[in-house]
Amino acid sequence: MSNQTQAIPLDTTASTPGRRRATYGLSDAVTGWLLSLPLTLVLLFFLVLPIVMIVIVSFWGATEFSIYPAFQFDNYEFLLTSPVTYSVFLNTIKYAVITWAITLVLGFTIAYFLAFHVRTLTWQIVLFLLCTIPFWTSNIIRMISWIPFLGRNGIANSTLMSMGVIDEPLEWLLFSDFSVILAFVHLYTLFMVVPIFNTMMRIDKSLIEAAYDNGATGLQTLTNVIIPLTKPGIMIGSIFVVTLVMGDFITVRFMSGSQKANVGRLISNDIALLQYPSAAATAVVLLVTVLIVIGILLRFVDIRKEL
Amino acid sequence: MEKRSRSFHVLAAVFTLFLVFLYGPTITIAILSFQGPQGGLTFPMRGVSLNWFHELFQQQAVGDIWGSFARSLVLGLMVMVTTVVVSVMGGLAFRKRFPGSGVIFYLIITSLVIPSILVSLGVGLIFSQSGLDVHWSTSGFGSQLTWTLPFGLLIMFAVFNRFDKSYEEAARDQGATAWQTVRHVVLPIIAPMLIGVALFGFTLSYDEFARTLLTAGSYNTLPLEIYGMTTNVTTPVIFALGTLTTGFSLIIIAVFLVAVLMMNRRRARLGSDAGKGMV
């Protein structure tokens, strides 16, 4: 308590020598660098260097058992001339677009309900947490948990059959595009809900009242006021969903029973065959594709402003 | 209160269905993990038993799941502590722009959006080509940080964007050093959010699969072990494991949430009455 009653020193650097001078005397730049040093080191060693390494190895050669340094374009040539590549990239983009559309509509609806129809903050927090908790549990377990539902003798088929909707089990429920996209929606809708909810909570409620006072219908308010103001959240959510789906390999492998392919699986198959250079070349092309998509989406939003 | 509109009821129904969609499958496997010894991967239940949980404790049936659980636990704690410390430091650094801050910010975003398998592949290649041992506590640890740190940092950025700087100014005016200000003013104020960052750090690490796939070395973490089981186990034992590990995650989440709740309660009770007028 004693130093609270002291006279307030006018110049903080002058009152005590030594340590204080050292900390306050340092320029903002050095303080910033020092504080972000651990972060920068982690990102350098485990993000930048690995990307550089992948780019380098993508020019290497491979035998059946080992890889050797080289500078050749064989991997890219093989990749870009193979019709498989194009169909797999197309399939990847198909998954991304369909998942994006479904999670957007679903995520927006959920966020809209939480932000504008749930009236007390406590309930908003409780319901929001209910949506969030599965995100903190294992993705693989959440995929496995679809098996009893979608299998040939699963809950979905037996329910539909007992209701007389179908006569024999639907084969396309599990191990199909349907199950892959269902799992994507199941795993990633939250990534839409959170940023959209976040921006919606910041919308000044008086803007909505003003719209109603001026005679706007509910739908007009939604399309002319709420959606435009929610755009940054929609963009951030889209970035999450699109990149997660494009970079995925495990969901497609597991939910399609290895019957469908996307770029991630192309990479992981090469890895399993120890064809690292070829995997690296595919990875580079995937990374470029993802970054282009992000670049386009980022034109619509300033992330630093939205935090 | 005004009457609920029709759209409220429609949206509430959609929300309820969404929750069923989110939790239904997990609850189903929780029920099915109590299948009798003859039971299969789906309904009907053939009796009720703890048979499949019992099998989890027999090494020959399921492999080294307890060893992998221990490794995942230790790794999760390592990642959690590192994520909290590095994120707070990063958050403090980013309160003022400094030369290079823009580049680091875009690296953070890149870290968030880069396909996980690229990190796995790249880190694995670096370690193998430079002759280092790939191990969950080194290469696996670093790879997981590229996933947990962006979340921790984005939370810290959001926290500091809303931080009232006058508290710090008050501390400084009363003669606190920079470190004292951080230690006695900033950290206590942001403490509940740090618990949130810790929760992200632990759970994202504990469940991470893709980034550890090529970086864990010869000793598997739990998600890798579970993934291995999906290809060769066709009994409800995998549901039992899923139920246990999900239950463990839920306990962890509950502990963190209760900690935040208690901290906020305590703060409301013991907080300053400054500015509330004379009562």
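I began with how a helix axis is taken, namely as a line fitted to C-alpha atoms over the stretch in contact, with angles running from 0 to 180 degrees between N-to-C directions. I keep in mind throughout that this is a predicted model.

**Entry 1: α4 and α9 of chain B**

I looked up helix α4 (residues 65-93) of chain B against helix α9 (residues 178-207) of chain B, and found that their axes come within 8 Å and cross at roughly 140°. That angle makes α4(B) oblique to α9(B), because a pair counts as roughly antiparallel only over 145 degrees. I noted the crossing of these two helices as right-handed. On the side of α4(B), the contact is made by S72(B), L75(B), G76(B), L77(B), V79(B), M80(B), T83(B), V84(B), S87(B) and V88(B). Facing them from α9(B) I listed L194(B), V197(B), A198(B), G201(B), F202(B), S205(B) and Y206(B). Sorted by class, the contact of α4(B) with α9(B) holds 11 nonpolar and 6 polar residues, with no charged ones.

**Entry 2: α4 and α7 of chain B**

I then turned to helix α7 (residues 136-161) of chain B, which packs with α4(B) at an angle of about 40°, the axes being 7 Å apart. The two helices are therefore oblique to each other, and α4(B) passes α7(B) in a right-handed crossing. In the contact of α4(B) with α7(B) I recorded 15 nonpolar residues, 10 polar residues and 1 charged residue.

**Entry 3: where chain B meets chain A**

I looked up the contact between the chains and found 77 residues of chain B in contact with 80 residues of chain A. The element that gives the most to the chain B side is helix α1 (residues 6-32) of chain B, with 15 residues. By class, the side of chain B that touches chain A has 50 nonpolar, 23 polar and 4 charged residues.

**Entry 4: helix α16 of chain A**

I found helix α16 (residues 263-272) of chain A to be mostly covered, with 8 of its 10 residues buried. The buried residues are V263(A), G264(A), R265(A), L266(A), I267(A), S268(A), D270(A) and I271(A). What covers them includes α7 (83-117), α14 (218-247), α15 (250-255) and α17 (276-298) of chain A, together with α6 (116-129) of chain B.

**Entry 5: two positive phi values**

In the loop between α15 and α16 of chain A I found S258(A), whose phi is positive, near 65°. I noted S258(A) as exposed because it has 12 other C-beta atoms within 10 Å, and a residue with 12 or fewer counts as exposed. In the loop between α16 and α17 of chain A I found L274(A), with a positive phi near 60°. L274(A) has 14 other C-beta atoms within 10 Å and is therefore partly exposed.

**Entry 6: confidence**

I looked up the mean pLDDT of chain B, which is 87, with 94% of its residues reaching 70 or more. Among the elements of chain B, α4(B) has the highest mean pLDDT (93), whereas helix α3 (residues 59-62) of chain B has the lowest (63). For the complex, the predictor gives an ipTM of 0.88 and a pTM of 0.87.

Definitions and conventions
Residues numbered from 1 in each chain as written. Chains lettered and ligands numbered in written order. Predicted model: local features only at pLDDT ≥ 70, side-chain atom pairs only at ≥ 80, totals over all residues. Buried ≥ 20, exposed ≤ 12 C-beta atoms within 10 Å, placed from the backbone. Helix = DSSP H or I, 4+ residues; strand = E, 2+ residues; numbered from the N terminus. Contact = placed C-beta atoms within 7 Å. Parallel < 35°, antiparallel > 145°, perpendicular 65-115°, else oblique. Left-handed = near helix turned anticlockwise from the far one by under 90°. Nonpolar A, V, L, I, M, F, W, Y, C, P; charged D, E, K, R; others polar. pLDDT = per-residue confidence, 0-100.
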